Amino acid sequence: MNSSVRVVSPDRFDLGTSQTPGSERRAAIDPALGITSALWGGLFEVKPRSRTGIHHHGEQETIAFVLSGACEIRWGAGGEFVACAKAGDFIHVPAFLPHMESNLSNERPFRWVIVRSTPTPIVINLPDATWPDADAVRPTEMI
């Protein structure tokens, strides 16, 4: 067992992790980088005025910390629930929950630090037809 501290600089983050259209995930703590862990960690970014596809993470729970920007998160069987998160907020996404993130800014991406409850990411992308109005990006009041 390797019992040493590992420091992974951004130039070593791995883009080879599972992706969802409209976003970019970069693995930092991942077996592909030679790090054995019970958890997965990385960065997540959505460009201005973009949204991710509808997806879920199977059995994984996700905890995110919003580093910069703001976003709208929709979830539920039909995307009927909405919350907004901004820099400094934490987000918890339960296992198997369909969700989608939207960047309402015209200028800035939003970036999250992500930690997942298994060592490799699970990403199950769903068809946009899963939600009848998946393309509707509407401004909401920030929480």
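The model is predicted, so local features are given only at pLDDT of at least 70 and side-chain atom pairs only at pLDDT 80 or more, while totals for chains, interfaces and linings use all residues. Residues are numbered from 1 along each chain as its sequence is written, and side-chain values use heavy atoms, with hydrogens and water left out. Helices (H or I, at least four residues) and strands (E, at least two) are DSSP runs, numbered from the N terminus.

**Pocket and cavity**

- Rolling a probe the size of a water molecule over the atoms shows where empty space is left.
- On a 1 Å grid over the protein atoms alone, a cavity is a set of points where a 1.4 Å probe fits but cannot get out; a pocket is an open set with protein on both sides within 12 Å along at least five of seven lines; and lining residues have an atom within 4 Å of a point.
- Grid points are joined across faces, edges and corners, and a volume is the space filled by probe spheres set on the points.
- The largest pocket has a volume of about 160 Å³. It is lined by 13 residues, of which I73, W75, A83, I91 and H92 are the closest to its centre.
- Strands β5 (70-75), β6 (81-86) and β7 (90-93) each supply at least two residues of this pocket lining, and β7 gives the most, with 4 residues.
- Sorted by class, the pocket lining has 10 nonpolar, 2 polar and 1 charged residues. Here Ala, Val, Leu, Ile, Met, Phe, Trp, Tyr, Cys and Pro count as nonpolar, Asp, Glu, Lys and Arg as charged, and the others, Gly among them, as polar.
- The structure also holds 1 cavity of 30 Å³ or more, and the largest cavity has about 60 Å³ of space.
- Residues lining the largest cavity include R25, F44, H55, W112 and R116. Its lining divides into 4 nonpolar, 4 polar and 3 charged residues.
- Both β8 (99-102) and β9 (110-116) supply at least two residues of the cavity lining, with β9 giving the most, 3 residues.

**Strand pairing and the nonpolar core**

- Two strands pair if DSSP finds at least two bridges between them.
- Strand β4 (residues 62-68) runs antiparallel to β7, joined by 4 bridges. In this pairing A64 stands opposite I91, and I63 stands opposite H92.
- Strand β4 also runs antiparallel to β9, joined by 6 bridges; F65 of this pairing has V113 in β9 as its bridge partner.
- In a regular strand the side chains alternate between the two faces of the sheet.
- A nonpolar core is a set of buried Ala, Val, Leu, Ile, Met, Phe, Trp, Tyr and Cys residues joined through side-chain atoms within 4.5 Å. The largest one has 14 residues, and I91 and W112 touch the most other members. Elements giving two or more residues to this core are β2 (40-46), β4, β5, β7 and β9.
- W112 is in contact (heavy atoms within 4.5 Å) with residues including F44, A64, F65, I73 and I91, leaving aside neighbours within four places in sequence.

- A27 lies in strand β1 (residues 24-29) and counts as buried, at 0% relative accessibility. Not counting residues up to four places away in sequence, A27 touches F13, D14, T17, L33, W40, G41 and G42.
- I124 sits in strand β10 (residues 124-125) and is partly exposed, with a relative accessible area of 34%. I124 touches I54, H55, H56 and G58, again not counting residues up to four places away in sequence.
- Most residues other than glycine have a negative phi, and most peptide bonds are trans.
- R49 is not a glycine, yet has a positive phi of about 55 degrees. R49 is found in the loop between β2 and β3 (55-56) and is partly exposed, with a relative accessible area of 49%.
- F96 is not a glycine either, and has a positive phi of about 65 degrees. F96 is found in the loop between β7 and β8 and is exposed, with a relative accessible area of 54%.

Terms used
Buried means under 20% relative accessible area, exposed over 50%, partly exposed in between (1.4 Å probe, protein chains only).
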